[in-house]
Amino acid sequence: MYEGAIQDLIDELGRLPGVGPKSAQRIAFHILQSDKVDVNRLAGALTRVKEQVRFCDTCFNVAESEKCRICRDPRRTDELICVVEEPKDVIAIEKTGEFRGRYHVLGGAINPLDGIGPDQLRIRDLMTRLAGGTVKEIILATDPNTEGEATATYLALLIKPMGLSVTRLASGLPVGGDLEYADEITLGRAFEGRRAV
């Protein structure tokens with residue numbers, strides 16, 4: 001549609017996840033109309049993130065040094081490991097303020113249709129961590145979808161023979177939701193995960 005640099009920018013923005021052609025065009029024209037200082041700040045942030053951010057050597061969360069902030073925190077217990085798919089899942093759990101253990105980021109979930117099997121995830125690294133003997137419980141916090149369930153089931157089968165406690169995050173009805181709008185699977189899980197009051 002356009003030519004030169006503006007079309008190149010629209011094309012690059014359109015390659016970002018969740019950004020369609022119209023959003024890419026809108027963002028590109030916003031950048032074009034922005035102050036040069038703001039654009040340079042954005043460009044600098046993009047450059048810095050590629051130069052400075054890496055994955056933690058222990059849990060594979062995002063970090064700016066060998067170990068992430070959570071792995072460096074001496075107040076956290078080594079007896080609990082919460083297994084998640086992506087670094088963004090760590091942030092979601094941390095916002096609750098409920099978990100004081102460590103994490104392990106798999107880097108995705110088992111998805112044969114996309115060619116992602118156990119070997120493409122950081123499962124070997126997890127098993128190495130578990131062999132140390134300090135971990136007592138593994139919390140499987142993968143997404144409650146087909147891929148997340150397959151990954152959790154696979155991990156449970158691998159870990160249970162080690163004698164460790166393997167738990168899964170409860171799933172069910174959201175707070176503030178209406179029962180009539182819940183699908184059968186969500187409602188079924190809510191019944192399975194019910195607890196005494």
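# A zinc finger region and a buried helix

Author: For residues 56-71, UniProt lists "zinc finger region: C4-type", in an unreviewed entry; positions from UniProt are given in the numbering used here, feature names are shortened, and annotations may be inferred rather than shown by experiment. The structure is a predicted model, in which local features need pLDDT of at least 70 and side-chain atom pairs count only at pLDDT 80 or more, while totals for chains, interfaces and linings use all residues. Residues are numbered from 1 along each chain as its sequence is written, and side-chain values use heavy atoms, with hydrogens and water left out.

Reader: What makes up the chain over residues 56-71, and how far apart are the end C-alpha atoms?

Author: Over residues 56-71 the chain is 19% helix and 12% strand, with 8 Å between the end C-alpha atoms; helices (H or I, at least four residues) and strands (E, at least two) are DSSP runs, numbered from the N terminus.

Reader: Why does Phe 60 count as buried?

Author: Buried means under 20% relative accessible area, exposed means over 50%, and partly exposed lies in between, with a 1.4 Å probe and protein chains only. Phe 60 has 14% relative accessibility, so Phe 60 counts as buried. This residue lies in the loop between β1 and β2, and its phi is near 70 degrees, a positive value in a residue other than glycine. Most residues other than glycine have a negative phi.

Reader: How do you know that the buried residues of α5 are on the same side?

Author: The buried residues in α5 are Pro 87, Asp 89, Val 90 and Ile 93. They cover an arc of only 150 degrees around the axis, which puts them on the same side of α5; the arc is that of the directions from the helix axis to the C-beta atoms. Lys 88 and Lys 95, on the other side of α5, are exposed. The elements against which the buried residues of α5 pack are β1 (54-55), β2 (62-63), α4 (69-72), β3 (80-84) and β4 (102-105).

Reader: Why is Val 90 called buried, and which residues does Val 90 touch?

Author: Val 90, found in helix α5, has a relative accessible area of 0%, and is therefore buried. Not counting residues up to four places away in sequence, Val 90 touches Asn 61, Ile 70, Val 84, Tyr 103 and Val 105, where contact means heavy atoms within 4.5 Å.

Reader: What makes Arg 76 a buried residue?

Author: The relative accessible area of Arg 76 is 5%, so Arg 76 is buried. Arg 76 is placed in the loop between α4 and β3, and, leaving aside neighbours within four places in sequence, its contacts include Ile 70, Glu 94 and Tyr 103.

Reader: Which residues of α1 are buried, and why are they said to be on the same side?

Author: In helix α1 (residues 5-14), the buried residues are Ile 6, Gln 7, Ile 10 and Leu 13. They cover an arc of only 130 degrees around the axis, so they are on the same side of α1. Among what covers these buried residues of α1 is α2 (21-33).

Reader: What does UniProt give for residues 79-174?

Author: The UniProt annotation for residues 79-174, again in an unreviewed entry, is "domain: Toprim". The chain there is 33% helix and 18% strand, and its end C-alpha atoms are 29 Å apart.
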